[in-house]
Amino acid sequence: MSSRAVVFFFFALLSFSGICLRSASADNEEEDPGLVMNFYKDICPQAEDVIREQVRLLYKRHKNTAFSWLRNIFHDCAVQSCDASLLLDSTRRSLSEKETDRSFGLRNFRYLDTIKEAVERECPGVVSCADILVLSARDGIVSLGGPYIPLKTGRRDGRKSRAEILEEYLPDHNESMSVVLDRFAAIGIDTPGLVALLGAHSVGRTHCVKLVHRLYPEVDPVLNTDHVEHMLHKCPDAIPDPKAVQYVRNDRGTPMKLDNNYYRNILDNKGLLIVDHQLATDKRTKPYVKKMAKSQDYFFKEFARAITILSENNPLTGTKGEIRKQCSVANKHH
């Protein structure tokens, strides 16, 4: 072979290698587009419609499912990754997140299985439990009169529940406002976003076991005296039975509606939890509480922004994780 032919062959080989490398890189990008709008448009076009319809039907039969969907997105996505680890059952080796004390009051997981089964009938093995969890929250928010929030999809499911690290990520309702702000800031949610997210306390109820420390042995003096009478009526025991259904509605005025009435309540010292009171009194958060009390549009705008950030917290995408067959159990790998 002549020297000229050798040189030509060498450069041709380099050029071919470059094409192969670019092709491999492009393939990897195609494999993992990350989170995108309408991720399932080609592989399961009806996925979001099926989830929306199931949420609508479940809400029609069981109004409190919408509260559950809203709580799920916080309890799952705030703990390290938005990967449906919350939905996993305990195993012989590990306690699940949903069975810890911090998850007290979470329920209706069986109805998420109902949604998953409907999606599986449409497209077996395609839609993740993590995306079902996020989209059911989005549609549940609409059921409660809140804003429609366009959310990306493409999440995959984790294989491990994280009960042992839950305390590191989820702030307790008795934490200082500094701790609460820091926990949310760690996942990119700023102060107005935090104030808006806690507006989810506008709906649902608080179990007596979570608030009796504000009533017994003495009533917290910062509580609105008119509201105390109602709280004592609903929670008559200093040590309530945790299995009994004893609770106080978070918002007596519009208990089934996600609205800005929560902010007016906490400014009037009617917040049930310590965190509610702190939100209305801390100098870092109070200005936003006042603004949201005056403007539901502002509340909805900040709420939608915060939910979007929360839903995109460290997801598994591409080839990471798996698509669970059942949301409560990791797939068996042989």
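Here are some friendly notes on the structure above, point by point.

1. **Ground rules.** This is a predicted model, in which local features need pLDDT of at least 70 and side-chain atom pairs count only at pLDDT 80 or more, while totals for chains, interfaces and linings use all residues. Residues are numbered from 1 along each chain as its sequence is written, and side-chain values use heavy atoms, with hydrogens and water left out.

2. **Overall picture.** The chain has 13 helices and two strands; these are DSSP runs numbered from the N terminus, helices being H or I with at least four residues and strands E with at least two. Of its 334 residues, 50% count as buried, where buried means under 20% relative accessible area, exposed over 50% and partly exposed in between (1.4 Å probe, protein chains only). Among contacts with a separation of 6 or more, 75% come from residues 24 or more positions apart; a contact means heavy atoms within 4.5 Å.

3. A search of the whole structure finds two cavities of 30 Å³ or more. A cavity here is a set of points, on a 1 Å grid over the protein atoms alone, where a 1.4 Å probe fits but cannot get out, and lining residues have an atom within 4 Å of a point. Grid points are joined across faces, edges and corners, and a volume is the space filled by probe spheres set on the points. The largest cavity has a volume of about 810 Å³. It is lined by 34 residues, and the closest to its centre are Arg 71, Phe 74, His 75, His 201 and Leu 273. The elements giving two or more residues to this lining are α3 (65-77), α7 (177-185), β1 (205-207) and α13, and α3 gives the most, with seven residues. By class, the lining has 19 nonpolar, nine polar and six charged residues. For these classes, Ala, Val, Leu, Ile, Met, Phe, Trp, Tyr, Cys and Pro count as nonpolar, Asp, Glu, Lys and Arg as charged, and the others, Gly among them, as polar.

4. **The second cavity.** The second largest cavity has a volume of about 60 Å³. Its lining includes His 201, Tyr 262, Asn 265, Ile 266, Leu 273 and Asp 276. Helix α10 gives the most to this lining, with three residues. The classes here are four nonpolar, five polar and two charged residues.

5. **The largest pocket.** A pocket is an open set of grid points with protein on both sides within 12 Å along at least five of seven lines. The largest pocket has a volume of about 220 Å³. Among the residues that line it are Leu 88, Asp 89, Ser 90, Arg 159, Lys 160, Ser 328 and Ala 330. Its lining has three nonpolar, six polar and three charged residues.

6. **Aromatic pairs.** Rings of Phe, Tyr and Trp (its six-membered ring) pair if their centres lie within 6.5 Å; planes under 30 degrees apart count as stacked, over 60 as edge-to-face and the rest as tilted. By this rule the count comes to six aromatic pairs. Tyr 263 and Phe 299 form one that is edge-to-face, at 5.2 Å centre to centre with 70 degrees between the planes. Tyr 263 lies in helix α10 (residues 261-267) and Phe 299 in helix α13, so the pair ties together parts that are 36 residues apart in sequence. Tyr 263 is buried at 0% relative accessible area, and Phe 299 is buried at 0%. Phe 299 also forms a tilted pair with Phe 303, at 5.7 Å centre to centre and 55 degrees between the planes. These two are four residues apart in helix α13, so about one helical turn separates them. One aromatic cluster is formed by Tyr 262, Tyr 263, Phe 299, Phe 300 and Phe 303.

7. **Asn 331.** This residue is found in the segment after α13 (296-311). Asn 331 counts as buried, at 11% relative accessibility. Leaving aside neighbours within four places in sequence, Asn 331 is in contact with Arg 159, Glu 322, Ile 323, Arg 324 and Lys 325. Arg 159 is 172 residues away along the chain, yet the C-alpha atoms of Asn 331 and Arg 159 are separated by 7.8 Å. A polar atom of the Asn 331 side chain lies 2.9 Å from the backbone oxygen of Ile 323.

8. **Asp 282.** The loop between α11 (274-281) and α12 (286-294) holds Asp 282. Asp 282 is buried, with a relative accessible area of 16%. Not counting residues up to four places away in sequence, Asp 282 touches Met 177 and Pro 287.

Definitions and conventions: A polar contact is a pair of N or O atoms within 3.5 Å; within protein, one must be able to donate a hydrogen and the other to accept it, and residues adjacent in sequence count only if both atoms are side-chain atoms.
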